[in-house]
Structure formats: structure tokens, C-alpha cells
Amino acid sequence: MDKNEIITLVPARKNSKGIKDKNIIKLNGKPLVEYTLHVIKNSKLTMKNCFILSDDKRIRHIGEKYGANIDY
């Protein structure tokens, strides 16, 4: 890894204290966490160094779809 590369961590818990399954609830047809991944993918950051940190396999699957790393 180049010393100038950026590592992006996306923490996405299965359940929040207030809303169950918050990160996979659909907003305009897309899970909430997908909006975050979309912004990262379309920025100058590299998805090669983007990691989804989640205890939910559904959230990790969405991350895989966008090319994020789920193995850490």
C-alpha cells in the first residue's frame, strides 16, 4: 500500500439503539448503507481500500456488490 493511499472504513451495525435494521432499510428503493458506498465509489477514493465493518451478512453483501472489502 502506498503511503498516500486512503483507507475508508464504513461501520454499519446490524441494529442501532433506535431503529432495527437501520442500515438496510430502503430509502427511495436503496438500502441506507448503499448511499454511503455510492458516494465513496464515485469519489476520488479507491474502493480497493474500502472496508465494510459489520456484524450483518446482508450489509456485507451490499458492500461486496460495490467492491468493498469484507474480509479483515
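User: Leaving aside its neighbours within four places in sequence, what is D21 in contact with?

Analyst: Happy to start there. In this predicted model, D21 has contacts with K14, N15, D56 and R58 once those sequence neighbours are set aside. D21 itself sits in the loop between β1 (8-11) and β2 (26-27).

User: Why is D21 called buried?

Analyst: Its relative accessible area is 16%, and the cut-off for buried is under 20%. The value falls below that limit, so D21 counts as buried.

User: What makes the pair of R58 and D21 a salt bridge?

Analyst: The N to O distance between their side chains is 3.2 Å. A side-chain nitrogen of Lys or Arg has to be within 4 Å of a carboxyl oxygen of Asp or Glu, so this pair qualifies. The pair ties together parts that are 37 residues apart in sequence, because R58 is in helix α2 while D21 is in the loop between β1 and β2.

User: Why does R58 count as partly exposed?

Analyst: R58 has 37% relative accessibility. Partly exposed covers the range between buried, under 20%, and exposed, over 50%, so R58 belongs in that class.

User: What does D56 form with R58?

Analyst: Another salt bridge: the closest N and O atoms are 2.9 Å apart, against a limit of 4 Å. D56 is buried, its relative accessible area being 4%. A network of salt bridges links K20, D21, D56 and R58.

User: How many salt bridges does a search of the whole structure find?

Analyst: Four. One of the salt bridges in the model joins the side chains of E34 and K65, at 3.6 Å from N to O. That pair connects distant parts of the chain, with E34 in helix α1 and K65 in helix α2, 31 residues apart.

User: Why is E34 counted as buried, and why is K65 counted as exposed?

Analyst: Set each value against its cut-off. E34 has 8% relative accessibility, and buried means under 20%, so E34 is buried. K65 has 56%, and exposed means over 50%, so K65 is exposed.

User: Which residues of helix α1 are buried, and why do they line one face of the helix?

Analyst: In α1 (residues 32-41), the buried ones are V33, E34, L37 and I40. Viewed down the helix axis, they fall within an arc of 120°, so they line one face. As a general point, an α-helix has 3.6 residues a turn, so residues three or four places apart point the same way. The cover over the buried residues of α1 includes β1, β3 (30-31), β4 (50-53) and α2 (57-65).

How values were computed
Residues are numbered from 1 along each chain as its sequence is written. This is a predicted model: local features need pLDDT of at least 70, side-chain atom pairs count only at pLDDT 80 or more; totals for chains, interfaces and linings use all residues. Side-chain values use heavy atoms; hydrogens and water are left out. Helices (H or I, at least four residues) and strands (E, at least two) are DSSP runs, numbered from the N terminus. Buried means under 20% relative accessible area, exposed over 50%, partly exposed in between (1.4 Å probe, protein chains only). Contact means heavy atoms within 4.5 Å. The arc is that of the directions from the helix axis to the C-beta atoms.
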